[in-house]
Amino acid sequence: MDFWPEFLANSWGKEFIAGGIGGIAGIVSGYPLDTLRIRQQHSTSGSAISVLRNIMSNGGPAALYRGMGAPLASVTFQNAIVFQTNAVLCRAFDPAVTDNRPPSYKAVALGGFGTGALQSLILTPVELVKIRLQLQDLGTSSHSDLGSSRLGPMQVAKNIFKTEGYKGLYRGLTITMLRDAPSHCFYFWTYECMREKLHPGCRESGQETLRTMLVAGGLAGVASWVCCYPLDVVKTRLQAQSKMSFQKYSGIVDCFYKSVKEEGYSVLWRGLGTAIARAFVVNGAIFSAYELSLRCLSNNGGFHAENTI
């Protein structure tokens, strides 16, 4: 009966809940752009407009949200773990951290790197299912595990497990970890740097405005994507393959080589514009929701309505 009061009284509990709320805000605000990015990466035509028209003509507006159930069902837990893990690692790398003294930028970067590596274990199966769902309408041989009808997240996950086992659910784990460790390093470091630049002294006072949170969070998201985008393209192509279909790519290096040979180096940046637009919107929402939720849970009066502009 006393679990929730005790849980929320602990800083870990507050960080966990606030991180989950931030994750939900990010998924809802940016999922259509994520679907567009995935389709661009997997197509031979990189035009966002042409891909969007194709999605709308084949599945209507609902197609932009196809597969959202998989990440939405897990994103609360995943994002909660990410923000809590980052907070714990930052304190571990900088033991001098207190309520009035934020972690050093070095500790933030190292904490982000460790967080990205650890969260890959949760993220890989979720993104695998999401990518298979988002590519259903393409009807390519690489998605034969989905069948001819449109399936839901649980059905796709069951089919992958049935045909490929646990190993199949973790297809792309290595490339996901190679992507997420450095990207989370840039992610949290950029956010802390930018919020301090935009509102000097806010890291200690917690007095930044909502606009500062939105802009700093958006820029953090952009930085994290730009630094790792080619790896994300490779990850999408590897996870789009199934054991029951023709294996075009045998691994990470082979996927890089064949993709560049067949489509040029520009393929590694295909969909970047869409990803950046989505990253700014999503991560502005994530950090704002996280910071505001954390303050509400902490009964911190540092945020006031008159300071939101």
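**Figure 1. Helix H12 and the lining of the largest pocket.** In this predicted model, helix H12 contributes the most to the lining of the largest pocket, giving six residues. The volume of this pocket is about 970 Å³. Its lining comprises 33 residues, and those closest to the centre of the pocket are Glu15, Asp99, Tyr290, Glu291 and Leu294. Two or more lining residues come from each of helix H2 (11-42), helix H4 (69-93), helix H7 (173-198), helix H8 (202-205) and helix H12 (272-298). Sorted by class, the lining of the largest pocket holds 13 nonpolar, eight polar and twelve charged residues.

**Figure 2. The packing of helices H7 and H12.** Two packed helices are described by the angle between their axes and by the distance between the axes. For H7 and H12, the angle is about 70° and the axes lie 13 Å apart. Angles of 65 to 115 degrees count as roughly perpendicular, and H7 and H12 are therefore roughly perpendicular to each other. On the H7 side, the contact involves Tyr187, Phe188, Tyr191 and Arg195; on the H12 side, Asn283, Ile286, Phe287 and Glu291 take part. By class, this contact of H7 with H12 consists of five nonpolar, one polar and two charged residues. Glu291 of H12, which meets H7 here, is also one of the residues closest to the centre of the largest pocket.

**Figure 3. The largest cavity and the residues around it.** The protein has one cavity of 30 Å³ or more. The space in the largest cavity amounts to about 580 Å³. It is lined by 29 residues, of which Gln78, Leu123, Glu127, Trp225 and Arg278 are the closest to its centre. The elements that each supply two or more residues to this lining are H2, H4, helix H5 (105-134), H7, H9 and H12. In terms of class, the lining of the largest cavity divides into 13 nonpolar, nine polar and seven charged residues.

Figure 4. Ser183 belongs to helix H7. Its relative accessible area is 5%, so Ser183 is buried, given that the term applies to values under 20%. When residues up to four places away in sequence are left aside, Ser183 touches Ser224, Cys227 and Cys228. Tyr229 lies 46 residues from Ser183 in sequence, and the C-alpha atoms of these two residues are 9.3 Å apart in space.

Figure 5. Thr212 is part of helix H9, which covers residues 210-226. Thr212 counts as buried because its relative accessibility is 7%, and the limit for a buried residue is under 20%. Apart from residues up to four places away in sequence, Thr212 is in contact with Arg195, Leu198, His199 and Gly217.

**Figure 6. The setting of the close-up views in the whole protein.** The protein contains twelve helices and zero strands. Along the sequence, its pattern reads α-α-α-α-α-α-α-α-α-α-α-α. Of its 309 residues, 51% count as buried; Ser183 and Thr212 are among the buried residues. Of the contacts in the protein with a separation of 6 or more, 76% are between residues 24 or more positions apart.

Note on methods: Residues numbered from 1 in each chain as written. Predicted model: local features only at pLDDT ≥ 70, side-chain atom pairs only at ≥ 80, totals over all residues. Heavy atoms only, no water. 1 Å grid on protein atoms, 1.4 Å probe; cavity = no way out; pocket = protein on both sides within 12 Å on 5 of 7 lines; lining within 4 Å. Points joined across faces, edges and corners; volume = space filled by probe spheres on them. Helix = DSSP H or I, 4+ residues; strand = E, 2+ residues; numbered from the N terminus. Nonpolar A, V, L, I, M, F, W, Y, C, P; charged D, E, K, R; others polar. Buried < 20%, exposed > 50% of the residue type's maximum accessible area, 1.4 Å probe, protein only. Contact = heavy atoms within 4.5 Å. Axes fitted to C-alpha atoms, helices over the stretch in contact; angles between N-to-C directions. Parallel < 35°, antiparallel > 145°, perpendicular 65-115°, else oblique.
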